[in-house]
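Please read it alongside the coordinates.

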Amino acid sequence: MLLLGTTGWAVLAVYYTDLAGGSPRAIPAGVYAAAALACVIFIRPRRYGALACFAMFAMAVLWFFSRTPSNNRDWRPETASLPSAEIVGDRVTIHNVRNFDYKTETDFAPRWETRTYDLSKLRTVDAMLVYWGSPAIAHAMVSFGFDGDQYLAVSIEARMQQSESYSTVQGFFRQFELVYIFSDERDVIRLRTNYRHEDVYLYRSTFTPEQARELLLGYLEHANQLAREPQFYNAATSNCATNVLENAKSVNLPAHMSWKILFSGYAAEQMYANHRIDTSLPYEELVARSHVNDAANKADQDPNFSLRIREGLPMPTAVQPN
């Protein structure tokens with residue numbers, strides 16, 4: 001089983017890693033599989049054939065981990081500009097906040113902005129889960145709310161090149177870089193509700209302003225680090241959910257690894273059990289009321305988009321509205 005597992009991993013790594021022109025490399029992967037099979041069939045005694053396979057696996061591992069991430073590729077326009085932040089006291093200036101104007105999911109006018117925020121006016125953190133298929137899998141995002149009805153959304157995603165499209169399997173094999181997208185909510189939420197027609201649920205959290213501040217500073221620190229030192233995205237160990245967990249540790253909240261991190265669609269259930277979101281309602285009712293698609297479709301390009309999608313959302317007693 002060990003031999004089969006290592007050979008299977010190596011074949012997939014050769015097939016999916018560092019794709020040229022966006023096409024899986026079937027021939028090299030086939031050659032590797034054929035060579036491993038030949039070692040097992042023709043090399044005697046059999047233990048020598050197994051040793052040869054493990055030697056091939058070791059070379060594949062060395063090649064795999066020799067690849068390094070980069071910030072200099074032909075990126076898709078959605079992630080073409082990396083965010084960075086300057087922090088002076090309570091004043092935070094974030095460069096490359098995304099605020100695209102969409103006509104369709106693929107037809108949009110790119111717009112990257114520099115925005116300034118006052119940390120002393122930061123009040124809330126909202127958690128968002130985005131579903132497009134299985135209830136077990138969701139994309140996790142957060143949004144920070146400031147006085148004056150100002151919101152800053154953050155989505156942690158795979159950064160893809162022009163020739164690439166997202167694949168979960170490819171996400172295990174160093175195919176994509178990691179990117180933090182700081183965005184206007186009319187971009188990152190409306191893209192998913194109004195154009196991709198995915199289901200978005202927005203939960204008001206019980207974070208205090210002090211915890212919100214530490215959490216945002218953690219996000220900004222990671223974004224600055226990625227601007228200096230790129231990192232590979234990994235569908236299991238470095239994705240939207242695991243990075244949210246990593247940032248949550250900065251505010252000393254319970255943030256233990258769990259099967260619900262891999263199956264992020266159940267994250268709201270875990271937050272509810274930990275009293276990180278409103279618990280005054282039965283869980284099923286909270287979920288139903290937190291679905292914001294109808295409100296987002298009606299608000300569309302309204303400048304008050306963020307306020308309109310929050311109308312009627314349950315507010316935890318530990319958090320006061322802006």
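1. The largest cavity holds about 40 Å³ of space; a cavity is a set of points on a 1 Å grid over the protein atoms alone where a 1.4 Å probe fits but cannot get out, and its volume is the space filled by probe spheres set on the points, joined across faces, edges and corners. A search of the whole structure finds 1 cavity of 30 Å³ or more.

2. This is a predicted model, in which local features need pLDDT of at least 70 and side-chain atom pairs count only at pLDDT 80 or more, while totals for chains, interfaces and linings use all residues. Residues are numbered from 1 along each chain as its sequence is written, and side-chain values use heavy atoms, with hydrogens and water left out.

3. Residues lining the largest cavity (an atom within 4 Å of a point) include Arg204, Asp278 and Ser290. The lining divides into 6 nonpolar, 1 polar and 2 charged residues. Strand S10 (residues 199–204) gives the most to it, with 3 residues; strands are DSSP runs of E, at least two residues, and helices runs of H or I, at least four, numbered from the N terminus.

4. The largest nonpolar core has 30 residues, where a core is a set of buried Ala, Val, Leu, Ile, Met, Phe, Trp, Tyr and Cys joined through side-chain atoms within 4.5 Å and buried means under 20% relative accessible area with a 1.4 Å probe, protein chains only. Helix H6 (209–228) gives the most to this core, with 7 residues.

5. Leu216 touches Phe144, Leu152 and Phe182, among others (heavy atoms within 4.5 Å), not counting residues up to four places away in sequence.

Definitions and conventions: Buried means under 20% relative accessible area, exposed over 50%, partly exposed in between (1.4 Å probe, protein chains only). On a 1 Å grid over the protein atoms alone, a cavity is a set of points where a 1.4 Å probe fits but cannot get out, and a pocket is an open set with protein on both sides within 12 Å along at least five of seven lines; lining residues have an atom within 4 Å of a point. Ala, Val, Leu, Ile, Met, Phe, Trp, Tyr, Cys and Pro count as nonpolar, Asp, Glu, Lys and Arg as charged, and the others, Gly among them, as polar.
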